[in-house]
Amino acid sequence: MSSTGFSGLRAFARRASLGIRPENIGIMRTSLYKHSSSSQQTQFIDLFRFHLRAFSSENVNFDNYTNNHLSALDLYKLCVAEKDIRIDPARELVAKKLSKLQKQLNVYDRALKAYKEKLISWGKVKSEKIKQAKMRQDMNGKSGEHLLPVEVEEKIEKEAEIETWKELEKPLKPLVPRGMYIYGNVGTGKTVLMDMFFQTTTIGLKRRFHFHEFMIEVHRRIHEWKLERIRTKGRDLHIDLSSEADAIVQVARMVAAESTLLAFDEFVVTDCADALMMKKFFDELFSQGTVVVATSNTRPDDLYLQGLNRHYFLPFIDTLKHFCKPHDMDTEFDYRLEKAKGLKCLAKQRYIFPLGKQTEEKMEEIFSEVTDYELVEPKTIKVAFGRTLKVERVTGRAAMFDFQEKLVMRWKITSIWSGGFPGSL
């Protein structure tokens, strides 16, 4: 780990000793620890043993930090022990279920790798059988001349598969673990649990997305796949309904090949184009063996509620519930409000009104306290469709946006779909 990273670690420790304990600090510590050298690991443990005495009255087992195979539940308990997060039976139950899923994923990941290796060997034997069958076809000359070329190919492939079965048993796909769909009110700690789960899941092919960003990527890849197909094969002169010509299916297969586990934050469906393609896309994704874990503020049965042509979307809900077990957080506690109670400048206020100089001064005071008076700077970030968004001030923990900037950005993005008419905002 770089000296800069270790300096950051010391900053976290100092902040902890002052009693400032953001919920994700335990996850950051674990990440920093895993990427440090053995000598730095020793310093890591000593550093936190010293600083955490300042506010923790409980005995924390720091030996847990030396274990690179923490489960989500282990990390949850560790954060509770360090007083980084409060005890919450609802979150602990989810952490237990996610830890159980992690064990299943580890077994599944090993079985999936073995299956793919055997499938490659099986495919090589089948390819050789097809090659031999085609050679016999050419030697016989008239054999199969009454069949169409496509029918001949299908006949040869079926015969080759039967011959391969006789010589080598085709490997069976391993059983796929059922994912989770965690939903509940805002501020109930779903994202923190996803942080813990994803951080401690050790399989290699895992990816995490905000669901909206994921769907943007899917649409982009579908568009690119279609352009590439036209470039290499030209435009089809007839309608091809095969899966090989289906952009949605092909992109789903590519995503599945890249991801044994897909983790989604903020799973929500509001776009008609997304809604109409999701059944086909996720059917293929699940059939390829990808496991999905998602968090959402919406019950699965309420997804795309009152959306245009929702009856076309409803079959996807059944698919989602079949492959991802729904779990209601079942708590009304809002951690965002709990954090706000610790801000002296807010007192019991939840909003500031009316707009004016006093409001601006109050916002400045709140922002300074939230950021712990850290150095702030402007930043430009990339958003959808190649656009950029200016952030007035940003630190590692908070950002301040200009409302007009966001309003203009919304109009720019909306104009892509509407033809540029301001009235579509």
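Mentor: Let us start with a definition: two strands pair if DSSP finds at least two bridges between them. Helices (H or I, at least four residues) and strands (E, at least two) are themselves DSSP runs, numbered from the N terminus. Here strand 1 (residues 179-183) and strand 5 (residues 324-328) run parallel and are joined by five bridges.

Trainee: Before we go on, what kind of model is this, and how are the residues numbered?
Mentor: It is a predicted model, in which local features need pLDDT of at least 70 and side-chain atom pairs count only at pLDDT 80 or more, while totals for chains, interfaces and linings use all residues. Residues are numbered from 1 along each chain as its sequence is written, and side-chain values use heavy atoms, with hydrogens and water left out.

Trainee: How many helices and strands are in the chain?
Mentor: The chain has 14 helices and eight strands.

Trainee: Which residue stands opposite Tyr-183 in strand 5?
Mentor: That is Asp-328. Strand 1 also pairs with strand 4 (residues 291-296), in the parallel sense, over four bridges. On that side, Tyr-181 faces Ala-294 and Ile-182 faces Thr-295.

Trainee: In what order do the strands of the open, parallel sheet come?
Mentor: The five strands follow the order 2-3-4-1-5. Strand 2 (206-210) and strand 5 are at the edges with a single partner strand each, so one side of each has no neighbour in the sheet. From one strand to the next, the twist averages 15°. For such angles, axes are lines fitted to C-alpha atoms, for helices over the stretch in contact, and angles run from 0 to 180 degrees between N-to-C directions.

Trainee: Is strand 1 mostly covered or mostly open?
Mentor: First the term: buried means under 20% relative accessible area, exposed means over 50%, and partly exposed lies in between (1.4 Å probe, protein chains only). Strand 1 is mostly covered, with five of its five residues buried. Gly-179, Tyr-181 and Tyr-183 point one way, Met-180 and Ile-182 point the other way, and all are buried. For the chain as a whole, 40% of the 425 residues count as buried.

Trainee: What does helix 7 touch in the sheet?
Mentor: Contact means heavy atoms within 4.5 Å. Helix 7 (residues 190-200) packs on the sheet and touches strand 1, strand 2, strand 3 (261-265) and strand 4; its direction makes about 160° with that of strand 2. Nine of the 11 residues of helix 7 are buried, including Leu-193, Met-196 and Phe-197.

Trainee: And where does helix 8 lie?
Mentor: Helix 8 lies across strand 2 and strand 3, running at about 105° to strand 2. Its buried residues include Phe-214, Glu-217, Arg-221 and Trp-225. Among the elements that cover the buried residues of helix 8 are helix 9 (247-258) and helix 10.

Trainee: How can I check the length of a helix?
Mentor: Just after helix 8, Gly-234 takes a positive phi of about 80°.

Trainee: How do I describe two packed helices?
Mentor: Use the angle between their axes and the distance between the axes. For helix 8 (residues 211-233) and helix 10 (residues 272-287), the axes come within 12 Å and cross at roughly 80°. That makes helix 8 roughly perpendicular to helix 10; the cut-offs are under 35 degrees for roughly parallel, over 145 for roughly antiparallel, 65 to 115 for roughly perpendicular, and oblique for the rest.

Trainee: Which residues meet there?
Mentor: Among them are Phe-211, Val-218 and Ile-222 in helix 8, and Met-277 and Phe-281 in helix 10. The contact residues divide into 10 nonpolar, one polar and one charged. Here Ala, Val, Leu, Ile, Met, Phe, Trp, Tyr, Cys and Pro count as nonpolar, Asp, Glu, Lys and Arg as charged, and the others, Gly among them, as polar.

Trainee: Is Asp-318 buried or exposed?
Mentor: Asp-318 is exposed, with a relative accessible area of 52%. This residue lies in helix 11 (residues 310-323).

Trainee: What is the order of the three-stranded open sheet?
Mentor: The order is 6-7-8, with antiparallel pairing. Strand 6 (377-382) and strand 8 (399-400) are the edge strands, each pairing on one side only.
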